[in-house]
Amino acid sequence: MSIEIIELNDQNFDERIKASQTPVLVDFWAEWCGPCKMIAPILEEIAQDKNGQLVIGKLNVDNALQVARRFEIMSIPTLMLFRDGEPVKRIVGAMSKKALLKELDPALAG
C-alpha cells in the first residue's frame, strides 16, 4: 500500500490544496526543528492508517516563507487541516499519535 505524502512549497501550495478532494493535513516544519523530526514518523503512520481519507502535506517553512507568513506560522511544528481548500483545524506542537488522532478525528468526521 502506498501512502500519499506530498511536498508543498510557495509555488504549488494553493494548487495542491485546492485540487485535493481529500482533506490535507499540512505539516509546517524545518530541518533544524527537533520536535518536527519527532512527529514525522507519527505523520507517516497516520498517512498509512488514514490512506484514502487523508493526505499529508509537508511544507518546509525555511523554503516557503510566503505560505508560512500567510498562515501566520509562529512556531513549529504546526499542523493545519485543510478541507475543500480551506483551513479547518490548527494544531501547534508535537504530540503523540493518540493525542493527534483525538484532535483530527472530529475534524475529519465533520
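Helices (H or I, at least four residues) and strands (E, at least two) are taken here as DSSP runs, numbered from the N terminus. The structure is a predicted model, in which local features need pLDDT of at least 70, side-chain atom pairs count only at pLDDT 80 or more, and totals for chains, interfaces and linings use all residues. Residues are numbered from 1 along each chain as its sequence is written, and side-chain values use heavy atoms, with hydrogens and water left out.

Helix H4 covers residues 97-109, a run of 13 residues. From its first C-alpha to its last, H4 reaches 17 Å, close to the 18 Å expected at 1.5 Å a residue; the expected span is 1.5 Å times one less than the number of residues. At Glu103, H4 bends by about 25 degrees, the bend being the angle between axes fitted to the seven residues ending there and the seven starting there. A proline, Pro106, follows within four residues.

Leu100, Leu101, Leu104 and Ala107 of H4 are buried. Buried means under 20% relative accessible area, exposed over 50%, and partly exposed in between (1.4 Å probe, protein chains only). An α-helix has 3.6 residues a turn, so residues three or four places apart point the same way. The buried residues of H4 pack against strand E2 (24-29), helix H2 (34-49), strand E4 (78-83) and strand E5 (86-92), where contact means heavy atoms within 4.5 Å.

The account now turns to charged pairs. Six salt bridges are found in a search of the whole structure, each defined as a side-chain nitrogen of Lys or Arg within 4 Å of a carboxyl oxygen of Asp or Glu. One of them joins Asp14 to Arg70, with the closest N and O atoms 3.0 Å apart. Because Asp14 lies in helix H1 (residues 13-19) and Arg70 in helix H3 (residues 65-70), this pair ties together parts that are 56 residues apart in sequence. Asp14 is partly exposed at 32% relative accessibility, and Arg70 is partly exposed at 44%.

Lys58 and Asp27 form another salt bridge, their closest N and O atoms being 2.7 Å apart. Lys58 belongs to strand E3 (residues 55-60) and Asp27 to strand E2, 31 residues apart. Lys58 is buried at 13% relative accessibility, and Asp27 is buried at 0%.

Finally, salt bridges that share partners join Glu45, Asp49 and Lys97 into one network.
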